[in-house]
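Please read this briefing alongside the sequence and the 3D structure shown here.

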Amino acid sequence: MDTISSFVQQVYDIVAQIPYGHVTSYGRIAAVLGRPRAAREVGWAMRNCPEELPWQRVVMADGAVAGGGYAAERRGVLEAEGVAFLPNGKVDMERHRWL
């Protein structure tokens with residue numbers, strides 16, 4: 001059985017704390033973990049994020065919603081949480097940024 005790395009577990013620990021109606025970015029999580037250049041690694045961790053965590057609350061630094069085929073689902077969940085989107089389709093980071 002594979003175990004997850006300490007870094008990945010730390011990512012998940014932060015994701016678990018993101019409050020309802022807020023978002024944070026991959027890069028911000030990396031910075032909080034002391035690895036400001038590891039946003040891509042956070043993204044890889046999020047690809048396997050446990051479903052019980054608020055995975056939809058992690059977005060790109062500019063508010064863009066990533067997720068490939070799940071981007072529309074992610075946006076829908078965020079909207080249901082009251083997260084506002086700008087006319088360009090990105091999260092209003094000024095209003096909803098956490099951390």
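How much of the protein is made up of buried residues? Buried residues, meaning those under 20% relative accessible area with a 1.4 Å probe and protein chains only, make up 39% of the 99 residues. This is a predicted model, in which local features need pLDDT of at least 70, side-chain atom pairs count only at pLDDT 80 or more, and totals for chains, interfaces and linings use all residues. Residues are numbered from 1 along each chain as its sequence is written, and side-chain values use heavy atoms, with hydrogens and water left out.

**Fold and dimensions**
- The secondary structure comes to 5 helices and 2 strands, counted as DSSP runs (helices H or I of at least four residues, strands E of at least two) and numbered from the N terminus.
- Along the sequence, these elements follow the pattern α-β-α-α-β-α-α.
- The C-alpha trace spans about 40 × 25 × 20 Å along its principal axes.

**Contacts**
- Among contacts (heavy atoms within 4.5 Å) with a separation of 6 or more, 59% are accounted for by residues 24 or more positions apart.

**Helix α1**
- In helix α1, which covers residues 6-15, the buried residues are Phe7, Val8, Val11, Tyr12, Ile14 and Val15.
- These residues lie on the same side of α1, because they cover an arc of only 160° around the axis, the arc being that of the directions from the helix axis to the C-beta atoms.
- The cover over the buried residues of α1 includes α2 (26-32), α3 (39-47) and β2 (58-59).

Note on methods. Buried < 20%, exposed > 50% of the residue type's maximum accessible area, 1.4 Å probe, protein only.
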